[in-house]
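User: I would like to learn how to read the features of a structure like this one, step by step. Could we start with the overall make-up and then go on to details?

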Amino acid sequence: MPDHNPSTPPTRRLEHYVAPLEETPLEAIDTIKTDGKPSNLWIDAWHDVRRRPMFWISAALILLVVIVALFPTWFTQVPPNSGCQLSNSNGTPSAEHPLGYTRQGCDIFSRIVHGAGTSLSVGIIVTVLVFTLGVLFGSFAGYYGGWIDSVLSRFGDIFFSIPYILAAVVIMSVLANYRNVWVISLAIGLFAWPATARVLRSEILRVKNADFVTAATAIGLSRFRILWSHVVPNSIAPVIVITTISLASAIVAEATLSFLGVGLPSTFMSWGNDIAQAQTTLRTAPQVLVYPSIALSLTVFSFIMLGEVVRDALDPKARAQR
Amino acid sequence: MLWYTGKRLLQVIPVLLGATFLIYFMVFAMPGDPIAALYGDRPPAPGVIEQIREQYHLNDPLIVQYFYYLAGIFQGDFGVSYSGQPVNEILARTFPVTIRLALLAIFFEMVAGIVIGLVSGLRKGGIFDATGLGASLVIISLPIFVVGFAAQYFLAIQFGWFRPTVSSGAPIQDLILPALVLATVGFAQIVRLTRSSVIETSGLDFVRTASSKGLTRRRVVPVHILRNSLIPVVTYLGTDFGVLLVGATVTEGIFNVPGVGRTLYQAVLRGEGPTVVSFVTIMVLMYLIVNLLIDLLYAVLDPRIRYA
């Protein structure tokens, strides 16, 4: 061990037979480096995510869909529903109608542009619903445990046991006269939340015995306060991942229900409706079916891709497997 | 194992009751009078109405009606379809077709998914892996009816490799195309699941031990890596079955497969509420039973589960 302080003359004659005393002052150990930027899971995730082209591609696609949904008239002046002429049925494209016409003689491009809003609003409403219900059920079940957990988990199991599209089929058949964006979103969301609740519950079971929870209890915070300000924020990461993907699933679910004929009525622009209607002329006019299918798949793809990137960034195990 | 089976069976009872009650309640809460719907614009005599109400227990409270319905289900009586045919008869005709289709789809997705997932996992980061991951992401994003129409248009109508719709009797060669379509959803998930499971297992100590004691790769990969990587894939089959049921409804509709799914599809299209409810109930029961079986199978495969 070389002398730590060569400038001081040797005052002690005895050699150390053990390791020399640590001469760093205690204060130095206690000081926290403040010049570096603070880091946490979310900042790390952002640093990881912004280096990936997949993130930027999906973000650009989602931004495009959002802009199209918010301002459809920026993209097309042709009304989607009125002004359809049967003489244009399955007609070929022209400069003003770049994708041609549907069987009813409506402009395909305009219908696709106006359909974005429907898909996106159903996706967002379902996601908010699933997130809220999932977080409430999952957090209470996981954190309080005992009989509360048993009751909430069994309750969730019941909803989980019915595949949510089948449940939505029943609800939408029952509410045949009340079909709109809100009803279809409720029908999908009401049975889609247990997956989120399960993910959060198991994450909370892992987190709730951590030291920072004990510390929060020690300084006298109430259990409820600890749950919302310490436990949930620290176990929300996997929920964010599953929520991004559930937005894509909700868009698919709406299209599937509309395709089955229990979705939105034909007064709403819905890609699922358009695909279902183009089905009869698949042999003679496949292009009528192709364009809304591409729009739907691309939208879903961008959300799935975003979910994938977010998963890689938030889940260390997924990151290691990349 | 017996204890675990008993426990698992007991657990399924409240879920079963709850799920059937939930479906029943949704229909019970349906706006409108079922008898008025039965007769349309010309209402029958009050005595007839009363008789029908009595016959179908409509005067009883919800919970009593539910138990009549439940008793019917346990006696194998799922009611009568819109056209007056007993649901049981329709089921006896359509169920075998759907089972054949589902088994074929599961076979396709398992074989292709596990093989591709295994190769991807063993060559993590390679070109094959990157292509597989990208392709599976694209496949997950495609709604099943889009895949169905694409397959029908290109493979059947344009190239003429398959028949575009299934002929009566649903022979196995006609079911190949619908089964391939149905398999796409689960396939992509199985690829990703197998891949990550293989990567995880490959890093475990017993695999290193097997390699270091001189076993060849041809033995280590199938016996030590693959077999232990398949457990999460088996559990996924439970979730997958629910996806398959929904997928079968759409696929059987598109390819005109005379199965349970098409019956539901047509009932939904025609707005035949009672038939829809009967068939959704049947599908939920199938889903519950299959998941129960998979849990039991899981316990056979993994002793940690049954002694936990």
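Analyst: Chain B holds 13 helices and zero strands, where helices (H or I, at least four residues) and strands (E, at least two) are DSSP runs, numbered from the N terminus. This is a predicted model, in which local features need pLDDT of at least 70 and side-chain atom pairs count only at pLDDT 80 or more, while totals for chains, interfaces and linings use all residues. Residues are numbered from 1 along each chain as its sequence is written, and chains are lettered from A and ligands numbered from 1 in the order in which they are written.

User: How does one describe the packing of α5(B) with α8(B)?

Analyst: Two packed helices are described by the angle between their axes and the distance between the axes. In chain B, the axes of α5 (residues 87-122) and α8 (residues 172-202) come within 5 Å and cross at roughly 35°; axes are lines fitted to C-alpha atoms, for helices over the stretch in contact, and angles run from 0 to 180 degrees between N-to-C directions. The contact of α5(B) with α8(B) comprises 23 nonpolar, six polar and three charged residues, with Ala, Val, Leu, Ile, Met, Phe, Trp, Tyr, Cys and Pro counted as nonpolar, Asp, Glu, Lys and Arg as charged, and the others, Gly among them, as polar.

User: How many residues of chain A and chain B are in contact?

Analyst: On the side of chain A there are 36 residues in contact with 39 residues of chain B, two residues being in contact if their C-beta atoms, placed from the backbone, lie within 7 Å. The helix that gives the most to this side of chain A is α13(A), with ten residues, and by class the side has 24 nonpolar, eight polar and four charged residues.

User: Which residues touch the most other members of the largest nonpolar core?

Analyst: In soluble globular proteins, nonpolar side chains tend to be buried together. Here the largest nonpolar core has 153 residues, of which A:L166, A:A168, A:V169, A:V170 and B:V280 touch the most other members. Such a core is a set of buried Ala, Val, Leu, Ile, Met, Phe, Trp, Tyr and Cys residues joined through C-beta atoms within 7 Å. Leaving aside neighbours within four places in sequence, A:L166 is in contact with B:L245, B:V246, B:V280, B:M283 and B:V284.

User: Is B:N256 buried or partly exposed, and why?

Analyst: B:N256 counts as partly exposed because it has 18 C-beta neighbours inside 10 Å; a residue is buried if 20 or more other C-beta atoms, placed from the backbone, lie within 10 Å of its own, exposed if 12 or fewer, and partly exposed in between. B:N256 is found in the loop between α10 (217-255) and α11 (260-270) of chain B, and its phi is near 60°, a positive value in a residue other than glycine.
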